[in-house]
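This briefing is meant for a reader who is meeting the structure for the first time. Please keep the sequence and the 3D view at hand while going through the points.

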Amino acid sequence: MESTEYSFILLPSTISGIGVFAAHDIPAGSHLFTTSFNSRKKYIKDIPDAFIKYCIYIDNEQCLCPERFDRMEIGWYINHSDKPNIILNSERNVIAIADIKANDEILINYNQLNEPEHLKEDYYKAGGS
């Protein structure tokens, strides 16, 4: 099953802030979307503190950011879980690894993003909670 523009919705999350939720049932093995979105590299020092949580660290100086913070794609809102229901495969496709019911939050393990360990927040460091 392929997702469509009607597959996901942003809602308040009990995990953190806003999350991505399934608008309908999604069977395990479904291709949800690719990570081929428009992004940009920016220097960490140039990003206001309130926005850095939406970035993926590349190294000590740069991170990957949404193309525009005022028009972020839905994938930037996916929250972390040590028990994710999606993965990022080797082709950079996002795949459901469990059956996801309508209204379930879409979750990924942030450790798959390959950020430098010392720049990760404690709640998702490898071996963390």
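Predicted model: local features only at pLDDT ≥ 70, side-chain atom pairs only at ≥ 80, totals over all residues.

In strand E9, Asn93 and Ile95 point one way while Val94 and Ala96 point the other way, and all of them are buried. In general, the side chains of a regular strand alternate between the two faces of the sheet.

**The hairpin of E8 and E9**
- Strand E9 pairs with strand E8 in the antiparallel sense, and three bridges hold the pairing.
- Within this pairing, Leu88 stands opposite Val94 of E9.
- Four residues lie between the two strands of the hairpin, and Arg92 takes a positive phi near 70° there.

**The nonpolar core**
- The largest nonpolar core has 27 residues, among which Cys63, Ile86 and Ile106 touch the most other members.
- At least two residues of this core come from each of strands E2 (18-22), E5 (56-57), E6 (62-66), E8 (86-88) and E9 (93-96).
- Leaving aside residues up to four places away in sequence, Ile86 touches Leu32, Ile78, Val94, Ile95, Ala96, Ile97, Ile100, Ile106, Leu107, Ile108 and Gln112.

**The sheet of E4, E6 and E5**
- Three strands form an open sheet with antiparallel pairing, in the order E4-E6-E5.
- Strand E4 (39-43) and E5 stand at the edges with a single partner strand each, so one side of each is left without a neighbour in the sheet.
- Strands E5 and E6 run antiparallel and are joined by two bridges, and Tyr57 stands opposite Cys63 in E6.

**The cysteines**
- A disulfide is a covalent bond between the sulfur atoms of two cysteines.
- Zero disulfides are found when the whole structure is searched.
- For Cys55, which is in no disulfide, the nearest cysteine sulfur is that of Cys65, 3.2 Å away, whereas a disulfide would need the two sulfur atoms to be within 2.5 Å.
- Cys65 is likewise in no disulfide, with the sulfur of Cys55 as its nearest cysteine sulfur.
- Both cysteines are buried, Cys55 with a relative accessible area of 9% and Cys65 with one of 0%.

**The largest pocket**
- About 940 Å³ of space lies in the largest pocket.
- Its lining is made up of 37 residues, and Ile56, Gly75, Trp76, Ile78 and Leu113 are those that lie nearest the centre.
- Strand E3 (31-34), E5 and E8 are the elements that give two or more residues to this lining.

Key. Residues numbered from 1 in each chain as written. Heavy atoms only, no water. Core = buried A, V, L, I, M, F, W, Y, C linked by side-chain atoms within 4.5 Å. Buried < 20%, exposed > 50% of the residue type's maximum accessible area, 1.4 Å probe, protein only. Contact = heavy atoms within 4.5 Å. Pairing = 2+ DSSP bridges. 1 Å grid on protein atoms, 1.4 Å probe; cavity = no way out; pocket = protein on both sides within 12 Å on 5 of 7 lines; lining within 4 Å. Points joined across faces, edges and corners; volume = space filled by probe spheres on them.
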